[in-house]
Amino acid sequence: MTDLTKLTVAEARDGLRAKTFTAPELAEAYLAAIDQADALNAYVHKTPEIARSQAGFAQTRLNAGMSPDLCGIPLGIKDLFCTEGVPSQAASRILAGFKPPYESTVTTQLHKQGAVMLGKLNMDEFAMGSSNETSCYGNAVNPWRRGNDGAALTPGGSSGGSAAAVAADLCAAATGTDTGGSIRQPAAFVGITGIKPTYGRVSRWGIIAFASSLDQAGPMTKDVRDAAIMLRAMSGHDPKDSTSADIPVPDFEAMLTGDIRGKVIGIPREYRMDGMPEEIEALWAKGREMLQDAGAEIRDISLPHTKYALPCYYVIAPPRRPPTSPATTASASATVPSSPKATASPTCTRRPAPRASAPRSSAASWSGPTSSRPASTTPITTAPARSAPSSSATSSWPSRTASTPS
Amino acid sequence: MAIDTDTARRVAHLARIRVEEERLPALAREFDAILGFIEQLNEVDVEGVEPMTSVTPMRLKRRQDVVTDGNQQDKVLLNAPDAREGFFAVPKVVE
């Protein structure tokens with residue numbers, strides 16, 4: 001049998017419905033893979049008992065022919081989501097031991113569909129960070145390596161555990177959250193698909209807040225089809241979140257016709273920044289060309305307020321790193337002095353942090369949109385994990401890359 | 001508008017955040033940066049622009065002012081480090 005953990009959500013769904021394999025078999029394949037990948041520090045709370053019980057229940061639904069898209073599909077859940085009876089601490093010591101007596105709306109919807117929760121995923125503390133290096137659980141590690149260099153690379157952040165888990169086939173798909181790039185940037189760093197949905201599309205209820213006017217949960221998946229499937233399951237109006245949009249949720253997957261002939265696509269000139277590296281310029285040109293070749297009409301447009309986006313962000317979201325000051329905020333370190341007592345918390349210290357990677361090395365880890373899903377069979381438990389694929393993988397870009405560039 | 005070290009010290013005190021003396025200048029610069037952002041936003045002409053509830057056209061939902069939930073004292077106190085007689089218990093902070 002093929003390696004079940006390599007399947008996309010859509011492939012796994014079809015295999016489950018065709019009874020090629022069962023939901024418990026699928027869950028066990030992932031649970032075994034997770035236990036061999038502790039070096040990535042992607043999972044911070046494993047929930048094998050929940051996974052097994054949900055997989056069993058999903059199978060009875062599948063047997064009865066009642067199988068929503070996600071029935072029996074094993075997912076990883078970012079630690080920012082409150083999950084009933086399961087530690088949910090936003091990668092912070094402050095919430096050590098917190099087990100919510102309730103379930104977030106997003107995870108409730110996923111569970112109703114029959115999704116299987118494998119565990120909680122690493123992230124930056126309270127989602128404040130872009131490299132998953134501020135987590136109380138220690139760094140999450142990117143399953144990719146830079147050529148033959150064994151140095152651990154960041155998976156990005158704040159949804160770094162979600163990104164690492166999806167890229168390393170430790171879940172079929174994962175939930176992430178995005179306030180100022182926390183889904184899109186880590187998805188890019190590991191070469192998977194991530195979407196920050198339009199604000200209001202997904203309920204924020206039960207998700208620990210960062211900046212309430214910007215936070216959105218979204219899918220992190222192996223390809224665009226999976227993102228469409230996950231997004232549909234996560235979306236919808238929720239009376240418990242008055243900012244969630246009361247707009248019907250379309251079947252996003254059915255909209256993936258692959259036909260963009262006649263669509264008009266604007267490219268804002270403000271998005272092209274001075275001093276952009278040549279390889280990025282080349283990728284922009286290539287993306288434009290690909291869209292044109294597929295029959296879309298490209299128009300150069302202007303979005304003159306673009307320059308105010310960052311000031312708005314720093315006013316609405318608590319400033320993490322004002323551009324004028326590279327240091328992290330003085331206030332944060334002043335409010336939470338690390339006391340020896342606090343570090344003794346077993347929930348935080350049981351996973352020693354892997355060797356910290358230089359934050360700047362991350363750029364090199366992303367070999368651009370040429371990164372298709374890691375396909376090497378090298379086990380990720382040992383140091384020289386996966387090397388980036390050669391540029392011959394370029395042709396797989398349209399189906400395998402992040403759908404939300406810049 | 002520039003935030004000086006004294007103002008930073010005062011803001012930190014009001015927020016009950018301990019900031020070491022040598023870190024105050026850096027904190028003042030960060031405050032300054034944030035005020036700079038707000039200043040920059042003042043340039044934008046928003047005359048006649050309707051405030052938005054969301055990026056899609058929508059009104060904020062209202063609901064009936066009725067009780068929809070309750071009787072969950074045990075669950076509410078489940079994560080309390082200390083609870084007594086149905087209340088959260090905290091160390092005495094007022095003399």
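**View 1. The largest nonpolar core holds 82 residues.** Those that touch the most other members are A:Tyr30, A:Ala42, A:Leu75, A:Val116, A:Ala164, A:Ala165 and A:Cys171. The model is predicted: local features need pLDDT of at least 70, side-chain atom pairs count only at pLDDT 80 or more, and totals for chains, interfaces and linings use all residues. Residues are numbered from 1 along each chain as its sequence is written, while chains are lettered from A and ligands numbered from 1 in the order in which they are written. A nonpolar core is a set of buried Ala, Val, Leu, Ile, Met, Phe, Trp, Tyr and Cys residues joined through C-beta atoms within 7 Å. A residue is buried if 20 or more other C-beta atoms lie within 10 Å of its own, exposed if 12 or fewer, and partly exposed in between; C-beta atoms are placed from the backbone. In soluble globular proteins, nonpolar side chains tend to be buried together.

**View 2. A:Tyr30 and its contacts.** Two residues are in contact if their C-beta atoms, placed from the backbone, lie within 7 Å. Leave aside the neighbours within four places in sequence. A:Tyr30 then contacts A:Thr5, A:Pro74, A:Leu118, A:Leu170 and A:Cys171. A second, separate core has five residues, including B:Ala12, B:Val19, B:Leu27 and B:Ala28.

**View 3. Chain A as a whole has 14 helices and 10 strands.** Helices (H or I, at least four residues) and strands (E, at least two) are DSSP runs, numbered from the N terminus. Chain A has 406 residues, and 46% of them count as buried. Take the contacts in chain A between residues at least 6 apart in sequence: 75% of these join residues at least 24 apart.

**View 4. Helix 4 of chain A, residues 105-112.** Six of its eight residues are buried, so helix 4 is largely enclosed by the rest of the structure. The buried ones are A:Thr105, A:Val106, A:Thr107, A:Gln109, A:Leu110 and A:His111. What covers them? Among the covering elements of chain A are strand 2 (74-78), strand 5 (173-178), strand 7 (216-221) and helix 7 (224-234). Just after helix 4, A:Gly114 takes a positive phi of about 100°.

View 5. A:Asn41 is buried, with 25 other C-beta atoms within 10 Å. The peptide bond from A:Gly157 to A:Ser158 is cis, with omega near 10°.

**View 6. A:Gly287 in helix 8 of chain A, residues 278-293.** Buried, partly exposed or exposed: which class does A:Gly287 fall in? A:Gly287 counts as partly exposed, with 17 C-beta neighbours inside 10 Å. A:Ala29 is 258 residues away along the chain, and the two C-alpha atoms are separated by 36 Å.

**View 7. Where chain A meets chain B.** Here 28 residues of chain A are in contact with 25 residues of chain B. Helix 9 (309-316) and helix 10 (330-335) of chain A each supply at least two residues of the side that touches chain B. By class, that side of chain A has 16 nonpolar, 10 polar and two charged residues. Ala, Val, Leu, Ile, Met, Phe, Trp, Tyr, Cys and Pro count as nonpolar, Asp, Glu, Lys and Arg as charged, and the others, Gly among them, as polar.

**View 8. Chain B, with three helices and two strands.** From the N terminus on, its elements run α-α-α-β-β. The radius of gyration of chain B is 23 Å, well over the 12 Å that the globule rule gives for 95 residues, so chain B is more spread out than a compact globule. That radius is taken over C-alpha atoms; the globule rule is 2.2 Å times the number of residues to the power 0.38. Along its principal axes, the C-alpha trace of chain B spans about 50 × 50 × 20 Å. Buried residues make up 7% of chain B.

**View 9. Two loop residues of chain B, B:Asn71 and B:Gly86.** B:Asn71 lies between helix 2 (24-42) and helix 3 (73-77). Its phi is positive, about 55°, although B:Asn71 is not a glycine. B:Asn71 counts as exposed, with 7 C-beta neighbours inside 10 Å. B:Gly86 is in the loop between strand 1 (83-84) and strand 2 (87-88). B:Gly86 is exposed, with 9 other C-beta atoms within 10 Å. The C-alpha atoms of B:Gly86 and B:Phe31 are separated by 42 Å.
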